[in-house]
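This briefing guides a first reading of the structure shown below. Please keep the sequence and the model in view while working through the points.

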Amino acid sequence: MSEDEISKGAVRLREESTDRGEKVVPLPTAATGRQAFETVRFDRRELDQILRIYSLMVGAGEWRDYAIDSLKDRAVFSVFRRASESPLYRIEKNPKLARRQGAYSVVSASGMVMKRGQDLANVLKVFDKPLRIVASN
């Protein structure tokens, strides 16, 4: 096709669309008239702290997989021994609890809250291994 034929076709298309009274109308979105919900997420500093603990536990052979969920009311980092099982631990960030018990918590597989607090580094100390006495030769 030559350039003239292409430009004539474009003009014809424009004329046909204006003849039909077509007009671009923006469609309403789900957030129209109400506030769009934001999901809660871990920021880079928080993920760095969590992944540091995760890498140590993977190196020790205790953990093998993880999942990150960003929900409307909280963010969850789930830790698995195997991908097909339920999570061993859930590290949760719930901003609504920030002024009460603390925004961060570690929850075991049974649902028991192991540790809760304002500072993620202190909450993650629940995974620190206790020191053992080792006999020397």
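Ile 91 stands opposite Val 106, a residue of strand S4. In this predicted model, strand S3 (residues 89-93) and strand S4 (residues 104-108) are paired in the antiparallel sense over 5 bridges. In general, strands of a sheet pair through backbone hydrogen bonds, in either a parallel or an antiparallel manner.

**The sheet**

- The strands form an open sheet of 5 strands in the order S1-S2-S3-S4-S5, and the pairing is antiparallel.
- Strand S1 (65-70) and strand S5 (113-117) stand at the edges; each has a single partner strand, so one side of each is left without a neighbour in the sheet.
- On average, neighbouring strands of this sheet are turned by 15° against each other, with direction ignored.
- S1 and S2 run antiparallel and are joined by 6 bridges; they form a hairpin with 4 residues between them.
- Within this pairing, Ala 75 in S2 is the bridge partner of Ser 70.
- S2 and S3 also run antiparallel, and 5 bridges join them.
- Here the bridge partner of Val 76 is Glu 92 in S3.

**Strand S2 and its two faces**

- In a regular strand, the side chains alternate between the two faces of the sheet.
- Which residues of S2 point each way? Ala 75, Phe 77 and Val 79 point one way, whereas Val 76, Ser 78 and Phe 80 point the other way.
- All of these residues are buried, and S2 is accordingly described as mostly covered, with 6 of its 6 residues buried.

- Helix H2 (residues 44-59) lies across S1, strand S2 (75-80), S3 and S4.
- The helix runs at about 160° to S1.
- Leu 51 is found in helix H2 and is partly exposed, with a relative accessible area of 34%.
- Together, Leu 51, Tyr 66 and Ile 68 make a nonpolar surface patch of about 250 Å².

- Is Ser 105 buried or exposed? Ser 105, which lies in strand S4, has a relative accessible area of 5%, and because the cut-off for burial is under 20%, Ser 105 counts as buried.
- Leaving out residues up to four places away in sequence, Ser 105 touches Arg 90, Ile 91, Glu 92, Val 113, Lys 115, Arg 116 and Val 123.
- Asn 94 is located in the loop between S3 and S4.
- With a relative accessible area of 16%, Asn 94 is buried.
- Apart from its neighbours within four places in sequence, Asn 94 is in contact with Asp 73, Arg 74 and Ala 103.

**The chain as a whole**

- The protein chain contains 3 helices and 5 strands, which follow the pattern α-α-β-β-β-β-β-α along the sequence.
- Of its 137 residues, 24% count as buried.
- Among contacts in the protein chain with a separation of 6 or more, 30% are accounted for by residues 24 or more positions apart.
- The protein chain exposes about 10,800 Å², of which carbon and sulfur atoms supply 52%.

Definitions and conventions. Residues are numbered from 1 along each chain as its sequence is written. This is a predicted model: local features need pLDDT of at least 70, side-chain atom pairs count only at pLDDT 80 or more; totals for chains, interfaces and linings use all residues. Side-chain values use heavy atoms; hydrogens and water are left out. Two strands pair if DSSP finds at least two bridges between them. Axes are lines fitted to C-alpha atoms, for helices over the stretch in contact, and angles run from 0 to 180 degrees between N-to-C directions. Contact means heavy atoms within 4.5 Å. Buried means under 20% relative accessible area, exposed over 50%, partly exposed in between (1.4 Å probe, protein chains only). Patches are made of residues with over 30% relative accessible area and no salt bridge: like charges are joined within 9 Å, nonpolar side chains (Val, Leu, Ile, Met, Phe, Trp, Tyr) within 5 Å. Accessible areas come from the Shrake-Rupley method with a 1.4 Å probe; for residues, only the protein chains shown count as cover. A salt bridge is a side-chain nitrogen of Lys or Arg within 4 Å of a carboxyl oxygen of Asp or Glu.
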